[in-house]
Structures are given as C-alpha cells and as structure tokens.
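Me: I have some questions about how the labels on this model were reached. Please set each value against its criterion.

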Amino acid sequence: MTANKTTVPFRGTAEQEARLLQVIETLKAQPGALMPILQQAQEIYGYLPKEVQVIVARGLELPLEEVYGVVTFYSQFSLYPKGQHQISVCLGTACYVKGAKEIYDRIAELLSIGEGEVTADGKFSLNSCRCIGACGLAPVMMIGEDVYGRLTPAEVDGILKKY
C-alpha cells in the first residue's frame, strides 16, 4: 500500500483554525463544551487529527489525553481523513456469498488502500459495511450516494474512472 490513513499529511488551513478558535471561544464557558466543540471541529476539518485535538485541548485548558479519550470513545468522530469519494462495499451475508470480498479486494488493489484508508491525493477512501439494505442487488457498493449492484470485479475499474 502506498498511502494509508496514518500517513496522509494534515492539510489544515489558517482559515479553518480561525473558525475552530472562534467556536472554542463561543462555547468554552458552557458546561460540557467539549462534545459540541469536537462536533463542530469535525465539521470544519472533516476529521479530528492530533493537530486539531491539540487546538481544542489548549483552547479548553484540558489535557490532550482527555480530548483524545472522547474522540476515540465515540464512533461519530474520526481520527482519519475521508476521501472526496467515500467507497463502501457491503460485506453482509447476501453480498459476501455473491462475491463482495472480490469486489472489495479489486478496489483495494486498484487504489492501493485498505480498510479505513484514503488515497494519497485524498480522492478516495475505502470502508466495508455489514448491510446497506439492497440485498436483492448483491454484491453492492456505494460511492457517496451512488449505489452499484450486481457487480463483478471486472466492472470496478470502469466505475472508479467515472470519479
């Protein structure tokens, strides 16, 4: 794999940091401010890398460990960036028995990424899921809101080229 979720460099901007600092300033006096601040920080950056957690910790005068503990406890928060195009392959029973693992493996091979990872250019991220509710179309993958069903590994190349 040439890129993964831990080697994609942080690309925060001064504008994003200024927005986050304003959020912190606005909310820090409220009891329980950490959660809403983290939620807004994730809206601003798309994820919560260490660099963002440090800004939040300093702004709230909290230990970084406390901020990290909250970020890693709640599944709504992500430590890693998501691609511009988020790919999700269903590996639920119906999809799996109809070849979803081969679809997943083909995507991973083409993009040189694995579970939860993002391409170096930030264009694609890859995740598996257990069911998207389209069992009749098995095997199924989604790219953003677009659903692709009854897939074969050979079709994956052409589908990805659209994006």
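Me: Among contacts between residues at least 6 apart in sequence, what percentage join residues at least 24 apart?
Reply: The model is predicted. In it, 61% of the contacts between residues at least 6 apart in sequence join residues at least 24 apart. The protein has seven helices and four strands, in the order α-α-α-α-β-α-α-β-β-β-α along the sequence. Its C-alpha atoms fill a box of roughly 55 × 30 × 25 Å along the principal axes, and 43% of the 163 residues count as buried.

Me: Why is Leu 126 called buried?
Reply: Buried means under 20% relative accessible area. Leu 126 has 0%, so the label applies. Leu 126 belongs to strand 2, residues 124–129.

Me: What is Leu 126 in contact with, leaving aside its neighbours within four places in sequence?
Reply: The partners include Ile 87, Val 89, Tyr 104, Ile 107, Ala 108 and Ile 113. In the case of Tyr 104, 22 residues away along the chain, the C-alpha atoms are separated by 8.6 Å.

Me: Which residues of the largest nonpolar core touch the most other members?
Reply: They are Ile 87, Val 89, Ile 107, Leu 126, Met 141 and Ile 143, out of 26 residues in that core. Strand 1 (85–90), helix 6 (100–111), strand 2, strand 3 (141–143) and helix 7 (153–161) each supply at least two residues. Helix 6 gives the largest share, six residues. A second, separate core has 21 residues, among them Ile 24, Leu 27, Val 52 and Val 67.

Me: What does Met 141 touch, not counting residues up to four places away in sequence?
Reply: Met 141 touches Ile 87, Ser 88, Val 89, Ile 107, Asp 146, Val 147, Tyr 148, Leu 151 and Ile 159. As general background, nonpolar side chains tend to be buried together in soluble globular proteins.

Me: Which residues of helix 3 are buried, and what do they pack against?
Reply: In helix 3, residues 50–60, the buried ones are Val 52, Gln 53, Val 54, Ile 55, Val 56, Ala 57 and Leu 60. They pack against helix 1 (14–27), helix 2 (34–45) and helix 4.

Me: What rules out a bond for Cys 135?
Reply: The sulfur of Cys 135 is 4.0 Å from its closest cysteine sulfur, in Cys 131, and is therefore too far for a bond. With a relative accessible area of 45%, Cys 135 is partly exposed. The count by this rule is zero disulfides.

Me: What makes Glu 61 stand out in its backbone, and is it buried or exposed?
Reply: Phi of Glu 61 is near 55°, a positive value in a residue other than glycine. Most residues other than glycine have a negative phi. Exposed means over 50%; Glu 61 has a relative accessible area of 73%, so it counts as exposed.

Me: Why is Ser 112 called partly exposed?
Reply: The label covers values between the 20% and 50% limits. Ser 112 has a relative accessible area of 25%, and therefore takes the label. Ser 112 lies in the loop between helix 6 and strand 2, and its phi is near 55°, also positive in a residue other than glycine.

Me: How do you know that the peptide bond from Ala 138 to Pro 139 is cis?
Reply: Its omega is near -5°, and the bond is cis. Pro 139 is in the loop between strand 2 and strand 3.

Me: What is the volume of the second largest pocket, and how does its lining divide?
Reply: The volume is about 170 Å³. Of the twelve lining residues, Pro 9, Arg 11, Tyr 45, Tyr 47 and Pro 81 are the closest to the centre. The lining divides into seven nonpolar, three polar and two charged residues.

Key. Residues are numbered from 1 along each chain as its sequence is written. This is a predicted model: local features need pLDDT of at least 70, side-chain atom pairs count only at pLDDT 80 or more; totals for chains, interfaces and linings use all residues. Side-chain values use heavy atoms; hydrogens and water are left out. On a 1 Å grid over the protein atoms alone, a cavity is a set of points where a 1.4 Å probe fits but cannot get out, and a pocket is an open set with protein on both sides within 12 Å along at least five of seven lines; lining residues have an atom within 4 Å of a point. Grid points are joined across faces, edges and corners, and a volume is the space filled by probe spheres set on the points. Ala, Val, Leu, Ile, Met, Phe, Trp, Tyr, Cys and Pro count as nonpolar, Asp, Glu, Lys and Arg as charged, and the others, Gly among them, as polar. A disulfide is a pair of cysteine sulfur atoms within 2.5 Å. Buried means under 20% relative accessible area, exposed over 50%, partly exposed in between (1.4 Å probe, protein chains only). Contact means heavy atoms within 4.5 Å. A nonpolar core is a set of buried Ala, Val, Leu, Ile, Met, Phe, Trp, Tyr and Cys residues joined through side-chain atoms within 4.5 Å.
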